[in-house]
Amino acid sequence: MESEIDRLRKKVENFPSPSSYNRLAELLHLAKQEGEAEAVCRKCIKEFPRNSQVYALLADIQLSTGRRSEAGLSLKASLERDGRNYAAARMYADYLAEARDVQGAIAQLKLVLSYRPNDPPVLQRLGELEGQLKGVPLGAVQAQRPAAAPAAAQPAPRAAPAPSGSGIRPAQQATARPADPPAASTSGTRPSTSGSGVRRSAFDTLAAEGGVRAAVVVDPQGQVVMARALPTAAGREDALAAFSSAIGIAMADIARLAKHPTPASWVLGAEQGQVLSFQRDNGFSVVALADPTVRPAMLELRARQALIDLGAT
């Protein structure tokens with residue numbers, strides 16, 4: 001761990017970024033070097049004041065050193081910058097519950113369920129808190145909760161990858177909302193129209209393009225409307241939607257400062273893949289995770305047609 005800490009210290013000095021600061025603060029916190037961890041958080045806040053995650057890390061440090069009131073302010077600051085920060089929201093719900101504001105904690109957890117429905121840890125904690133309001137012992141609440149919904153009512157969720165660099169105490173286990181239809185994400189079979197007599201949608205055609213690993217339609221709140229994925233990318237749909245929403249928010253802020261319109265499309269490329277986003281004026285986006293060799297122009301027409309189809313329905 002020490003070698004990684006030293007590497008990150010040099011990196012934030014020469015090439016500072018929110019993710020590097022967050023990871024350095026997290027490792028220092030895990031190493032019980034709370035003073036330096038907090039100093040790194042403060043420096044990150046000064047340089048990147050819109051970074052939600054660093055406020056959550058700071059709150060965790062403050063809680064571990066007994067400064068609850070300061071931690072509450074840090075958690076509020078985190079959620080003000082990103083209301084969909086799962087770790088911060090879970091921490092704030094626990095903070096409210098420990099402060100005996102059970103109704104406030106329940107409201108916070110219900111807000112989390114609005115963008116991460118059927119999340120097992122959130123549902124379990126919500127049941128515990130609702131039981132407290134009714135005066136039901138914790139053990140009885142857990143015994144009364146069904147192990148799982150009937151298969152016909154709720155498809156079995158897939159496990160989503162834990163957010164990178166979180167290191168925060170609330171449980172990070174989460175489930176991505178099943179793709180629509182679920183079989184398209186779990187089996188890896190591309191949508192097909194052979195023998196069905198039904199026209200393949202523009203979104204299905206985009207998802208079936210060679211080199212496309214996953215594709216999602218995202219609503220203005222950043223939630224997945226529909227999704228298709230190969231087995232190698234199954235379970236990443238919600239993460240892909242959250243990533244594109246975060247990039248979109250950052251681009252909108254930059255465009256506003258520069259007094260330019262927010263771009264309707266963008267491509268973020270890397271050595272092992274690329275993320276492509278296409279948006280219309282109704283706020284919906286088509287986001288694709290693709291191989292680096294896929295040309296954006298090949299997907300743009302179908303993405304825009306998919307958005308038109310969605311608007312028409």
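Select G273: this residue is buried, because its relative accessible area is 12% and buried means under 20% (exposed is over 50%, partly exposed in between, with a 1.4 Å probe and protein chains only). The model is predicted, so local features need pLDDT of at least 70 and side-chain atom pairs count only at pLDDT 80 or more, while totals for chains, interfaces and linings use all residues. Residues are numbered from 1 along each chain as its sequence is written, and side-chain values use heavy atoms, with hydrogens and water left out.

**Around G273**

G273 is found in strand 6. Helices (H or I, at least four residues) and strands (E, at least two) are DSSP runs, numbered from the N terminus. Now show what surrounds G273: leaving aside neighbours within four places in sequence, G273 is in contact with R213, L268, A290, D291 and P292. Contact means heavy atoms within 4.5 Å. Draw a distance from G273 to A290: their C-alpha atoms are separated by 5.8 Å, and the two residues are 17 apart along the chain.

**Strand 6 and its partners**

Select residues 273–279, which make up strand 6. Six of the seven residues in this strand are buried, so the strand is mostly covered. Which strands pair with strand 6? Six bridges join strand 5 to strand 6, and the two run antiparallel. Six bridges also join strand 6 to strand 7 (residues 285–290), again antiparallel. Two strands pair if DSSP finds at least two bridges between them.

Step through some individual positions:

- S265 has F278 of strand 6 as its bridge partner.
- W266 stands opposite S277 in strand 6.
- V275 has L289 of strand 7 as its bridge partner.

Between strand 5 and strand 6, look for the hairpin, which joins them through two residues.

Five strands form an open sheet in the order 4-3-7-6-5, with antiparallel pairing. The edges are strand 4 (224–229) and strand 5 (265–270), each pairing on one side only. Strands of a sheet pair through backbone hydrogen bonds, either parallel or antiparallel.

**The largest nonpolar core**

Next, select L75, Y92, L109, V112, V122 and L129: of the 25 residues in the largest nonpolar core, these touch the most other members. A nonpolar core is a set of buried Ala, Val, Leu, Ile, Met, Phe, Trp, Tyr and Cys residues joined through side-chain atoms within 4.5 Å. Helix 4 (52–64), helix 5 (68–81), helix 6, helix 7 (102–115) and helix 8 (120–134) each supply at least two residues of this core. Which helix gives the most to this core? Helix 6 does, with nine residues.

Centre on V122: leaving aside neighbours within four places in sequence, V122 is in contact with Y86, R90, L109, V112 and L113.

**Rings in and around helix 6**

Select Y92 and Y95, which both lie in helix 6 (residues 86–98), three residues apart, about one turn of the helix. Both are buried. Finish at Y86: R116 lies over the face of this ring, at 4.3 Å from the ring centre. A charge sits over a ring if NZ of Lys or CZ of Arg is within 6 Å of the ring centre and within 35 degrees of the ring normal.
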